[in-house]
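User: I have a structure open and want to learn how to read its features. Can you walk me through some of them?

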Amino acid sequence: MSTQFKDSIETALHNPNLTGALGRFSEAYRISRAKAYEGIDFEAVRDRIAEVKGNASSRFEELAEQFKANAERRGAKVFRTSDPAEVKRYILDLAKAQNVQTVVKSKSMASEEIHLNKAFEQAGIQVDETDLGEWIIQLAHQTPSHMVMPAIHMTKEEVAEVFSQEVEAGQAPDIPKLVKFARGKLRPKFLAADMGITGANIAVAETGSLVIITNEGNARLVTTLPRIHVAIVGIEKLVAQVADIDPILTALPRSATGQLLTSYVSMLSGQVPNTDGSPKDLHIILMDNHRSDMVKDPKFKEALQCIRCATCLNVCPVFRLVGGHVFGKTYTGGIGTILTAWFDELKKSEDIQGLCIQCGSCVPVCPGKIDIPGLILELRRRLVVEQGQSLAMKAIFGVVNNRRLFHSMLRMASVTQKPFKQGRFIRHLPLFLSDMTDFRSLPAIAPEPFRDKIKAIAQPKQAEKVVFYAGCLIDFAYPETGTALVKILNKAGIEVVFPEDQTCCGAPARYSGAYEVAAQNARDNIKALLETDATYVVSACPTCTVALKHDFLDTFKTLGITDAQAEAQRLSDRTIDFSSLVKKLVDEGRLTFKEGQHLGKITYHDSCHLKRTLKATDEPRELLQKAGHEIAEMYECDTCCGMAGSYSLKLPEISAPILERKLKNIKDTGADKVVMDCPGCVMQIRGGLDKDGSPIQVEHTAERLEDRFE
Amino acid sequence: MSTTFEAFETRAAAVSAEVHRFATRHEGLAFIEGFLREVGVSEAPDSGAVWVEGSFLEGIGPAHVCSQVPGVSFEVTREAAATAKVGISQLDWAIAATGTLVQDATAVEKRLVSTLPPIHLAVLGTERILADFNSVLQRLQPEQINYIAFITGPSRTADIERVLTIGVHGPERLIVVVVDEFEKVTA
């Protein structure tokens with residue numbers, strides 16, 4: 001990561017106005033969004049959006065031509081171009097030919113994308129943004145930090161300061177007064193402007209219509225008062241027919257601002273009369289700027305299903321800490337990272353793609369059904385292909401691909417860690433490693449890994465066998481989790497088999513974009529895990545489970561490796577996470593809880609992969625409750641703990657505040673135990689609570705259930 | 001019909017629109033005249049009201065209104081609308097599900113009176129309230145109408161610290177007068 005980028009993160013994290021505003025917003029957003037969707041089948045709505053927009057993007061050329069024909073039939077002039085420079089030239093030429101002195105704009109991300117205002121300024125034409133947020137940032141000489149709320153990073157004091165300096169001295173930090181002031185100052189500009197510029201939220205091919213959504217009413221003025229109207233429309237806004245508006249209009253206001261509908265929706269189709277009775281000079285620019293390149297890319301085509309609601313920003317645990325400006329000048333957050341890589345260039349996403357913690361929070365709430373973290377991972381992979389892996393990473397992955405070497409190094413670490421070890425923790429590391437132990441302790445490598453321990457466990461021979469995939473953390477740091485799992489499965493009459501040749505699941509390599517390394521890990525593991533004829537392959541680490549169940553196959557598919565896919569599928573079919581398996585065994589009557597247990601209050605943390613990929617949220621809770629616990633749910637129980645594998649090593653400054661928030665939510669429940677299904681989360685949360693000196697115990701569900709069965 | 005009205009009223013009120021229902025056009029008109037007087041509409045500068053005539057006034061006539069409330073003008077120009085206190089227009093449809101008013105706003109006068117003055121007063125027949133967006137869209141044909149306006153409450157913003165503030169560039173008050181008896185009305 002570049003120093004400049006790291007500095008921008010540092011600046012953002014130390015801006016209390018920013019983190020305060022975004023933190024409060026992210027909390028309120030969840031509630032207002034949920035309320036707005038009451039009585040609406042969100043899954044059905046987003047299926048429709050994905051279908052409508054997916055179909056449209058497959059037919060951009062046809063729909064663009066159809067739109068052009070229909071809009072021109074109704075008096076518009078439609079200009080199609082793929083080049084942002086041509087968009088600017090067209091508008092400036094028009095402005096000069098029509099003797100345009102001043103321009104008013106309503107919010108348009110497409111115009112931000114091509115930096116249109118700068119072009120006007122250079123041509124000596126006065127241009128004023130009229131969306132309040134956009135006007136504020138224009139006056140402050142900034143760029144939007146959020147697609148829907150461009151000035152969300154500023155306080156009323158800062159806004160008053162900007163108004164006082166740039167417009168008229170003496171403005172007080174009083175929000176209604178500031179809004180009135182803006183109305184008063186912008187009204188004459190609307191009335192005087194010769195040209196109005198808008199974007200569009202939807203463009204309908206069959207009628208040549210533009211749908212423009214605002215709350216302030218500025219787009220209505222911009223399209224009514226000036227004699228010329230120019231709409232800049234990215235071709236991804238095209239839909240085939242009028243009926244396609246409905247799902248988008250259902251989702252966009254609800255997802256963007258928690259409204260059932262925005263104050264104003266205008267549907268413009270062709271020319272309308274000006275106030276002097278003359279017909280409006282209407283120009284619609286259909287801009288491509290690499291959108292049709294995205295269509296041709298089988299992975300990234302789905303990103304064109306975005307309706308620009310910014311939900312992926314609002315629910316992102318990283319965005320709420322750093323805000324939008326660290327992402328660049330135009331599109332921000334998760335989807336912004338993807339759009340920047342395409343509309344700008346892949347290299348521009350090099351630093352910002354690293355901000356994605358891969359928690360998947362944005363996936364279930366995206367109205368366009370876009371796998372945003374999946375696409376960011378794909379960017380990461382392509383960056384590695386294009387630019388290569390750093391030497392340090394190469395060295396690490398070289399080791400990970402050699403199981404014997406990797407495991408002997410881990411064993412060695414249990415000896416060399418001695419000077420830093422205090423009980424089961426490493427609380428401080430020297431020099432550049434200190435970042436890792438600044439905000440949480442690290443687990444000491446266990447003196448005896450699980451692969452040695454299991455040999456000493458006397459398991460009764462059983463006909464039914466289950467293969468256990470431990471993963472590095474359980475194997476080398478938390479072997480007791482593995483022991484607990486063996487004990488529980490034995491009670492169900494199952495013998496646990498531990499294939500010695502199992503190795504790292506490849507998640508660290510995959511999440512760093514090193515797919516070739518991950519593919520080798522996948523091959524080694526498939527061979528090791530399918531050797532025994534077993535009912536299930538179980539893992540007590542959700543990230544490993546996801547690797548076995550989904551990622552191996554995806555890695556092979558992405559790399560075009562065909563010979564290993566059938567075996568990967570066999571492994572996938574057999575793989576199950578710990579809680580889901582135990583729940584099954586309980587339901588089948590093969591495990592019986594001890595009766596009459598009152599074990600007290602605990603709280604449960606949902607791990608990202610378990611909740612959002614494996615979708616197991618009820619299973620662990622049900623087991624813990626049946627065991628005799630009462631669950632006191634914590635606030636944001638399914639928000640990432642900040643661990644995310646190597647993320648906490650690469651961006652400890654972001655991982656730390658995410659963890660801090662998690663710890664607070666845990667403490668607020670008053671429970672003296674927090675339970676979770678992921679050893680990575682155990683490492684992060686246990687380490688954080690240890691650093692805090694908190695007495696709250698952190699346990700894996702397997703450990704908590706170890707002695708709960710008859 | 002009355003359940004549809006109630007749903008509309010609830011949704012519209014939730015977004016700060018002020019909804020009033022009357023049995024007859026005369027009662028509705030009496031309310032409007034009273035309202036215009038109450039907010040100070042007069043012939044004084046910057047105190048007028050601009051009204052786009054519609055079927056609501058059929059058989060009553062603009063002259064009657066002007067005699068009752070001086071300051072009301074049926075000559076809607078950019079200048080008159082920009083200085084008026086109240087803009088009045090007849091809306092074509094409403095959507096119960098979202099509390100939305102819908103209008104063929106191709107005529108620029110209709111847009112002027114609903115965008116520029118600080119108060120927009122919308123007149124609507126009760127039977128014009130439909131259940132949802134699609135029901136309205138089926139009746140309003142975008143292939144024939146060049147500017148369809150959907151209005152849900154007054155103008156609003158939350159761009160400063162996400163604090164909801166009513167009345168930015170458009171009207172800060174939206175008054176909806178719904179009238180049951182609305183014979184001979186065709187949109």
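Analyst: What follows is a short tour of selected features. Keep in mind that this is a predicted model.

User: Let's start with burial. How many of the ten residues of helix 28 of chain A are buried?

Analyst: The general idea is to count neighbours: 20 or more other C-beta atoms within 10 Å make a residue buried. In helix 28 of chain A, seven of the ten residues are buried, so the helix is largely enclosed by the rest of the structure. They are A:Phe578, A:Ser579, A:Ser580, A:Leu581, A:Val582, A:Lys583 and A:Val586.

User: What covers the buried residues of helix 28 of chain A?

Analyst: The cover includes three helices of chain A: helix 23 (479–491), helix 30 and helix 34 (701–705). It also includes strand 16 (536–539) and strand 17 (575–577) of chain A. After helix 28 of chain A comes A:Gly589, with a positive phi near 80 degrees.

User: Now helix packing. At what angle do helix 28 and helix 30 of chain A pack?

Analyst: Read the angle together with the axis distance. Helix 28 (residues 578–587) and helix 30 (residues 618–627) of chain A pack at about 55 degrees, with their axes 8 Å apart. The crossing of helix 28 of chain A past helix 30 of chain A is left-handed.

User: Which residues make that contact?

Analyst: Helix 28 of chain A brings A:Ser579, A:Ser580, A:Val582, A:Lys583 and A:Val586. Helix 30 of chain A brings A:Glu619, A:Pro620, A:Glu622 and A:Leu623. By class, the contact has four nonpolar, two polar and three charged residues.

User: On to strands. Which residues of strand 21 of chain A are on the covered face, and which on the uncovered one?

Analyst: In a regular strand the side chains alternate between the two faces of the sheet. In strand 21 (residues 697–700) of chain A, A:Val698 and A:His700 form the covered face. A:Gln697 and A:Glu699 form the uncovered face.

User: In which sense do strand 20 and strand 21 of chain A pair, parallel or antiparallel?

Analyst: Check the strand directions and the bridges. Strand 20 (residues 673–676) and strand 21 of chain A pair in the parallel sense over four bridges. One bridge joins A:Lys673 to A:Gln697 in strand 21 of chain A.

User: What about the chain interface? How many residues of chain B are in contact with chain A?

Analyst: Start with the counts, then ask which elements contribute. On chain B, 36 residues are in contact with 48 residues of chain A. Elements giving two or more residues to the chain B side are helix 4 (78–83), helix 5 (108–115), helix 6 (133–139), strand 9 (147–151) and strand 10 (156–157) of chain B. Strand 9 of chain B gives the largest share, five residues. By class, the chain B side has 15 nonpolar, 13 polar and eight charged residues.

User: Which strand of chain A pairs with strand 9 of chain B?

Analyst: Strand 9 (residues 264–269) of chain A does, in the antiparallel sense over five bridges. There, A:Leu268 stands opposite B:Tyr147 in strand 9 of chain B.

User: Last, backbone angles. Where is A:His141, and what is its phi?

Analyst: A:His141 is not a glycine, yet its phi is positive, about 55 degrees. A:His141 sits in the loop between helix 8 (132–139) and helix 9 (156–166) of chain A. It has 8 C-beta neighbours inside 10 Å, so A:His141 counts as exposed.

User: And B:Arg162: what is its phi?

Analyst: Phi of B:Arg162 is positive too, near 60 degrees, and the residue is other than glycine. B:Arg162 lies in the loop between strand 10 and strand 11 (165–166) of chain B. With 16 C-beta neighbours inside 10 Å, B:Arg162 counts as partly exposed.

Terms used
Residues numbered from 1 in each chain as written. Chains lettered and ligands numbered in written order. Predicted model: local features only at pLDDT ≥ 70, side-chain atom pairs only at ≥ 80, totals over all residues. Axes fitted to C-alpha atoms, helices over the stretch in contact; angles between N-to-C directions. Left-handed = near helix turned anticlockwise from the far one by under 90°. Contact = placed C-beta atoms within 7 Å. Nonpolar A, V, L, I, M, F, W, Y, C, P; charged D, E, K, R; others polar. Pairing = 2+ DSSP bridges. Buried ≥ 20, exposed ≤ 12 C-beta atoms within 10 Å, placed from the backbone.
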